[in-house]
Amino acid sequence: MKKNFNVILALILISISSNIEATQNMAQITKAYKDELITPQSSVAIHSTIPKRTLLFENEDLILVDVESICYHIPLVDAITNQVYPPIQEYIDETVVIQFFDHENLNLLNTKYIDLELPIFGGFFSTSDFYFVISARPQEQNISISNGLYSQSWQENEYLEVIRIDKYNKNFKLLNSASIIADEANIVEPFKSGNVAIAVLDNELLIHTSRTVFKDTTGENKQAQFTFAVDINSMLAEVRLAGNSDWKQPNHVNQSLNQFVEFDGSQAILLDHGNASPREIILTKYDKGDAWTDETITVFQIPGQKNSAYTGLTIGGFEIASSSYLTAINSIDYDPRYQFTDLGITGLDKEERNIILYITKKDSYITTPVNLTAYANTNKLGSTPKLVPITNNKFMLMWMEFDDCTYDKNIDGGIEISANKSSLKYVLVNDYGSQLTDIQTFPEGNLSQFVQPIYIDNKVVWIAGQHYYSIDL
């Protein structure tokens, strides 16, 4: 009996080894375009970034959406001394590139190109009948240097189109567009320091993102979330405001460093990473009516002074299960001696962040943290994680484990991180956060900052950089 058990165990190990070996055969299938791999530095970033790459599965095809951009330089010359300073680099997103791959052999089947009218690519979304392309532009900015003093200010054109949603049929014919005009929420810079999250229910497209607004009485351009809905048939956009506010919304979060949106049946659930009002990971039940304030659920109260840019965590995934909401983060071990500022976390020398899954019960709103790692004093860093739905109550949690890290203080007091080793870790969990498997290692795996892995044909697949990856279940 013992011999038979060893044979079975050997076969299982061979099977697992074969599976890992298969996933290590990375297929180079595309240019990197503007994709960015998850790095130690991106995993301790203050805020998220606009997604520049999307992976979809439709009609047996993998659809990879990228953007081509050009870089231009803004010269800087001191108006008084005529001293020339290094120019400011700016990027203009020009063309959306949509590539269709056979999901079985990864052959490139077709490529489509869409020219952008506005210079910031905000996202691509597909429904059963349509494709949607989201783009944006900021207000004009005045930048100058005088006697070595740098200054910048925004123009505030109330009539400027700041966000556009273009609707295409499945043959990429432009059908209609929706627009957000600046004065609908006093926007000077759309998508600022945030994500562009999109969800759909029936005829409603719901977009949850961020922006900075016109100057207030103190002369400050505040940053906050920005949420709006688009009627797919009419392509009319709806922007809710709270009471007599000209920019605050019923689901107001200031500042919102990351945003997610999903539908739980007919109820839209928003998630924000707030650093001030409130300084929380917060869920919001989006109210389609005229409520001045939406119902909210606190997932985690973030230590530190309000408005401090550093929060010690990043959010990488949000999903809805039958009985709970799941939020995947990486996080420092908080210590009351730490002081959070806009430049760093005083007293923290190493960013050894753990992977944590928060389980928020729908019936009680009680949240339970599930710690997946224990990286303290190991010189390891868990990256911003990904959370992939497999079924309604089974999920894959994925992250990069950076090992043998080096931490250096920069001139501003922040920490610059590099790692000598890295590998991809993944584990299956249920809706209670219980592990269904041991944590597995994909030694050569990488993750994209932008691409959400997807589940198809009993495997999790994704693209990062130039390579395609898969994990068989």
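## Cysteines

Cys-71 counts as partly exposed because its relative accessibility is 34%, where partly exposed covers the range between buried, under 20% relative accessible area, and exposed, over 50%, computed with a 1.4 Å probe on protein chains only. Cys-405, at 5% relative accessibility, counts as buried. The structure holds 0 disulfides, a disulfide being a pair of cysteine sulfur atoms within 2.5 Å.

This is a predicted model, in which local features need pLDDT of at least 70 and side-chain atom pairs count only at pLDDT 80 or more, while totals for chains, interfaces and linings use all residues. Residues are numbered from 1 along each chain as its sequence is written, and side-chain values use heavy atoms, with hydrogens and water left out.

## Two open sheets

Strands here are DSSP runs of E with at least two residues, numbered from the N terminus, and two strands pair if DSSP finds at least two bridges between them. Strands of a sheet pair through backbone hydrogen bonds, either parallel or antiparallel.

The antiparallel strands β22 (residues 324–331) and β25 (residues 354–361) are joined by 8 bridges, and the bridge partner of Leu-326 in β25 is Ile-359.

Strand β6 (residues 120–126) is mostly covered, with 7 of its 7 residues buried. A hairpin joins β6 to β7 through 4 residues, and 6 bridges link β6 to the antiparallel strand β7 (residues 131–136). Phe-124 stands opposite Val-133 in β7.

His-103 is found in the loop between β4 and β5 (108–115) and is buried, with a relative accessible area of 9%. The C-alpha atoms of His-103 and Pro-190 are separated by 35 Å, the two residues being 87 residues apart along the chain.

## The second largest pocket

The second largest pocket holds about 1,200 Å³ of space, a volume being the space filled by probe spheres set on grid points that are joined across faces, edges and corners. On a 1 Å grid over the protein atoms alone, a pocket is an open set of points where a 1.4 Å probe fits, with protein on both sides within 12 Å along at least five of seven lines, and lining residues have an atom within 4 Å of a point.

The lining comprises 37 residues, of which Glu-90, Tyr-91, Ile-120, Pro-138 and Glu-189 lie nearest the centre of the pocket. Elements giving two or more residues to this lining are β3 (61–77), β4 (84–102), β8 (141–146), β9 (149–154) and β12 (187–190), and the largest share, 5 residues, comes from β4. By class, the lining has 16 nonpolar, 11 polar and 10 charged residues, where Ala, Val, Leu, Ile, Met, Phe, Trp, Tyr, Cys and Pro count as nonpolar, Asp, Glu, Lys and Arg as charged, and the others, Gly among them, as polar.
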